[in-house]
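Hello,

Here is the structure we talked about. My notes on its helix packing follow below.

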Amino acid sequence: MHSPVPEIQAEPAQAELFSTTHWSVVLAAGQDVRPGRQAAVERLCCTYWYPLYAYIRRAGYDIEDAEDLTQGFFARLLEKDYLAQVDRQKGRFRSFLLACLRHFVADQRDCARAVKRGGRCTFVPMETQSAEERYRLEPIDEMNAEKIFERRWALTLLEFAETRLRQEYVVAAKSRLYERLKIFRTGAEPASRLTYAELGSQLNMTECAVRCAAARLRRRFRELVREEVAHTVTHSSEIDGEIRYLIAVVSG
């Protein structure tokens, strides 16, 4: 699913967004074992495996090799000696992760398999069939492996924010409201959408109430996107620039 590009205005970043970021998870992965570290790293892997898988596929590897390389990369990511080879103090998290992947793939080029099939320990629940269905939908133009990675990275952030937004409405027993209002999520104007008054009639709400509900949904979606982006940069001052860059990647 490709999430529409959100209209996100610059807002003051909250310091608490940086208390537990993907960067801090990576840093912890290269240190002694800490409570919750394994679960945090596994969440990171489950979130970002597909952009890396798509990068490897576009780089020319077949399905099985791409799966093995992706699994092997995340296994290696947990080794502190491997993490120590990359400067984690510079660049965005996506840049760091891609640099690590390139280094790993280069190390594996002389191997028939990155990880021997049947003998590996798989801890990332990759759905290869689903991955290939998604990969077949990727642009078949001249987009290179790095551009595929960055586009899929941006879409992954948007999709994760959307999933969190939907879950919040489900928990609040407002899933029907979300399903009717999600077309307003990005602030775009759907060509064939219902009017606020028509939606109000369906939801037993006034037109004004629907407008307010749609505005709240948009605002919360922007907040969630900012939180997801905040997890991938080293400082709050970088959030707006990263959002602009990722929107340009998706829009292009």
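Helix α9 (residues 196-203) packs against helix α10 (residues 207-230) at an angle of about 100°, axes 8 Å apart. Axes are lines fitted to C-alpha atoms, for helices over the stretch in contact, and angles run from 0 to 180 degrees between N-to-C directions. The two are therefore roughly perpendicular (65 to 115 degrees). Tyr196, Ala197, Leu199 and Gly200 of α9 meet Glu207, Val210, Arg211, Ala214 and Arg218 of α10 (contact: heavy atoms within 4.5 Å). By class, that contact has 5 nonpolar, 1 polar and 3 charged residues. Ala, Val, Leu, Ile, Met, Phe, Trp, Tyr, Cys and Pro count as nonpolar, Asp, Glu, Lys and Arg as charged, and the others, Gly among them, as polar.

This is a predicted model: local features need pLDDT of at least 70, side-chain atom pairs pLDDT 80 or more, while totals for chains, interfaces and linings use all residues. Numbering starts from 1 along each chain as its sequence is written, and side-chain values use heavy atoms, without hydrogens and water.

Next pair: α7 (residues 145-171) and α11 (residues 239-251) pack at about 110°, axes 9 Å apart. That makes α7 roughly perpendicular to α11. The contact involves Glu150, Arg151, Trp153, Ala154, Leu155, Leu157 and Leu158 of α7, with Tyr245, Leu246, Val249 and Val250 of α11. It holds 9 nonpolar, no polar and 2 charged residues.

Last, α5 (residues 93-108). Its buried residues (under 20% relative accessible area, 1.4 Å probe, protein chains only) include Phe93, Arg94, Phe96 and Gln108.

Best wishes

Methods. Helices (H or I, at least four residues) and strands (E, at least two) are DSSP runs, numbered from the N terminus. Angles under 35 degrees count as roughly parallel, over 145 as roughly antiparallel, 65 to 115 as roughly perpendicular and the rest as oblique. Buried means under 20% relative accessible area, exposed over 50%, partly exposed in between (1.4 Å probe, protein chains only).
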